[in-house]
Amino acid sequence: MDYQYVDGRLQVRRTDEEKKPILQRLKRIEGQVRGLQAMVQEDRYCLDEVQQMNAITAAVREAVLQLISSHLDASVDYAAKSEDREGAIEEMVRVLRAALRQS
């Protein structure tokens, strides 16, 4: 993982290996969404559709946690290596606030 602090924002650049589990999860979510679309087209039982939506929502939350994890790791590293501890903390709070809005 590489990062740079630009315009008050920490920009994280993940390696291909770091991107792999995130992209795999997103592809699974994509498949779940396609499955839900088919369920709606087929007029499946509402509870089955709702359960599929709940599974998609949980999967998206896990993807968010994966993204946040690497970002917070970079923020902690930045705080330890730089003189800008406050900027790093502000960045972490900004990311966590956005994540909490999502849930």
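The model is predicted: local features need pLDDT of at least 70, side-chain atom pairs count only at pLDDT 80 or more, and totals for chains, interfaces and linings use all residues. Residues are numbered from 1 along each chain as its sequence is written, and side-chain values use heavy atoms, with hydrogens and water left out.

Start with the overall layout. The protein has three helices and two strands. Helices are DSSP runs of H or I with at least four residues, strands are runs of E with at least two, and both are numbered from the N terminus. From the N terminus on, the order is β-β-α-α-α. The radius of gyration is 18 Å, well over the 13 Å that the globule rule gives for 103 residues, so the protein is more spread out than a compact globule. That radius is taken over C-alpha atoms, and the rule is 2.2 Å times the number of residues to the power 0.38. Along the principal axes, the C-alpha trace spans about 60 × 30 × 20 Å.

Next comes burial. Of the 103 residues, 23% count as buried. Buried means under 20% relative accessible area, exposed means over 50%, and partly exposed lies in between (1.4 Å probe, protein chains only). The protein exposes about 7400 Å², and carbon and sulfur atoms supply 52% of that area. Accessible areas come from the Shrake-Rupley method with a 1.4 Å probe; for residues, only the protein chains shown count as cover. Now take contacts, meaning heavy atoms within 4.5 Å. Among those with a separation of 6 or more, 57% join residues 24 or more positions apart.

I22, I29, L36 and M39 are buried in α1. The buried residues of this helix pack against α2. After α1 comes D43, with a positive phi near 55°.

Now the charged pairs. The structure holds four salt bridges. Each one is a side-chain nitrogen of Lys or Arg within 4 Å of a carboxyl oxygen of Asp or Glu. One of them links E30 and R34 at 3.5 Å, N to O. Both residues sit in helix α1 (residues 16-41), four residues apart, which means a separation of about one helical turn. An α-helix has 3.6 residues a turn, so residues three or four places apart point the same way. E30 is partly exposed at 44% relative accessibility, and R34 is partly exposed at 48%.

A second bridge joins R94 to E91 at 2.6 Å, N to O. This pair lies in helix α3 (residues 85-102), three residues apart, about one turn of the helix. R94 is partly exposed at 39%, whereas E91 is buried at 5%.

R44 and D48 also meet in a salt bridge, at 3.8 Å, N to O. R44 is partly exposed at 38% relative accessibility, and D48 is partly exposed at 27%.

Last, the nonpolar patch. Y45, L47 and V50 form it on the surface, with about 300 Å² of accessible area together. Patches are made of residues with over 30% relative accessible area and no salt bridge; like charges are joined within 9 Å, nonpolar side chains (Val, Leu, Ile, Met, Phe, Trp, Tyr) within 5 Å. Y45 is found in the loop between α1 and α2 (46-81). At 56% relative accessibility, Y45 counts as exposed.
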